[in-house]
Amino acid sequence: MQKIIVEKSPPLKGTVRISGAKNSVLPILAATLLSTEKCELEDVPNLKDVDVICEVLAALGSDIKRTSRGKIEVNSATIDNNEAPYELVRKMRASFLVMGPLLARMGRVRISLPGGCAIGTRPIDLHLKGFAALGADIQVGHGFVEAHTKQLRGDRIYLDFPSVGATENIMMAATLAEGETVIENAAEEPEIVDLANFLNKMGANIKGAGTNTIKIKGVNNLKGTTHLVIPDRIEAGTYMIAAAITGGDVVIENVLTNHVKPIMAKLKEAGVSIIDDGDKVRVQSDGILKAIDVKTLPYPGFPTDMQAQFMSMMSIAKGTSVIIETVFENRFMHVDELKRMGANIKIEGRSAIIQGTDKLLGAPVKATDLRAGAALILAGLIADGTTEIGNVYHLDRGYSDIEQKFSKLGAKIYRV
Ligand SMILES: CC(=O)N[C@H]1[C@@H](OP(=O)(O)OP(=O)(O)OC[C@H]2O[C@@H](n3ccc(=O)[nH]c3=O)[C@H](O)[C@@H]2O)O[C@H](CO)[C@@H](O)[C@@H]1O
Ligand SMILES: C=C(OP(=O)(O)O)C(=O)O
């Protein structure tokens, strides 16, 4: 089993380039199923999750070529299978995003239920509610969802919660529905906008992505296009904290600073200097951090995918911080691991109360999920001694070239 070893490191210095966003490229790759022509994607990150969604597409009959580093061509002109099997869907929840495109393109889909994961139960009721409103006949049983329709028809769909995945899945299905679909209380994340831009370039008619009301007028078919994936705001935020926690000076390139406003605001509140240059950001810190309170919310609120990394930072801040997790019901699995490193954290319901300590101590720990893994690397950078992180496959799901990027900034990190 692989491990990532992190040793106490000097203040990080230098420049790091952020890769294309995992949470954009996954729905965009799913959306290529809607096209009867070849699509070409650029700045595709080097991630396990990308490999998995490509395996799903290949199983459905898409032809996938990795033409050069960061470039993928997908041709779904002749897809012939509408079943996404358990073995693939269980590897990655985002595989469920092929449901909307398959239903719209083929009129029939059978897909394994994705199940829960370490951060919560993560139901798919809102996705199914949306497909039913569009006229799909849906059956759930034996661990699978089956849906079919002669022709999807546009409707008004109000989401009880602005779910990212449900908004994406319904938006993709609606592109080929008859008439207009309106998604109300839609998620507003930048990745939704990126997906809508991609679909519009394919010939879809989507307006309002990035607001809470998205209108989709159905079209007859979608064609091929090329698309540059937006930068990963969570990867950017993770390196911003790496600079802050080590008292470093790091320039983060290929970031859309508009997408990381809550992260920059909270870092400033903690006493970190942020120079915002639009598509790059310089983060400087003397390593003396003030306690801050954070509440995770749907975009444009503070992202739940940055909660664990902030918790590492708050573990060595001066004073008491409170982090409230409102998006997922069980996203505090990293707390016990941080406590193994000497952090002083108490959980009360959906709140974590963090009493900053003077130092953390290296320890054997395990990544309980993707961002928990990132949080442990961050803690390891400042902990005395050596931190050994197990279950690193979580990190490989979502961080491109992680040891190389950290090493280039002067971090003492390697994989065994
Ligand atoms: C691949 C991808 O883009 N993943 C992101 C996406 O996940 P994902 O799309 O799964 O997250 P959602 O926005 O759907 O989930 C948010 C909340 O809504 C609930 N819910 C969701 C769907 C549903 O049908 N019913 C329901 O109750 C979930 O259990 C959760 O409590 O958004 C999350 C919230 O920003 C991020 O943490 C993930 O990194
Ligand atoms: C929770 C995450 O991803 P996913 O929805 O793919 O599990 C994440 O990126 O932190």
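Select Glu-83 first: its bridge partner in β7 is Arg-110. Strands here are DSSP runs (E, at least two residues) and helices likewise (H or I, at least four), numbered from the N terminus. The model is predicted, with local features needing pLDDT of at least 70 and side-chain atom pairs pLDDT 80 or more, while totals for chains, interfaces and linings use all residues. Residues are numbered from 1 along each chain as its sequence is written, and chains are lettered from A and ligands numbered from 1 in the order in which they are written.

Next, select β6 and β7 (residues 108–112), which run parallel and are joined by two bridges. Two strands pair if DSSP finds at least two bridges between them.

Now colour the chain by domain: domain 1 (4–18 + 231–415) and domain 2 (22–228), with bounds from an automatic or database domain assignment. Their centres, taken over C-alpha atoms, are 30 Å apart. The contact (C-beta atoms, placed from the backbone, within 7 Å) takes 19 residues from domain 1 and 14 residues from domain 2. On the domain 1 side, helix α13 (residues 393–398) gives the most, with four residues.

Finish at ligand 2, surrounded by Arg-93, Ala-94, Ile-119, Asp-305, Leu-370, Arg-371 and Gly-398; near means a C-beta atom, placed from the backbone, within 6 Å.

Key
Contact = placed C-beta atoms within 7 Å.
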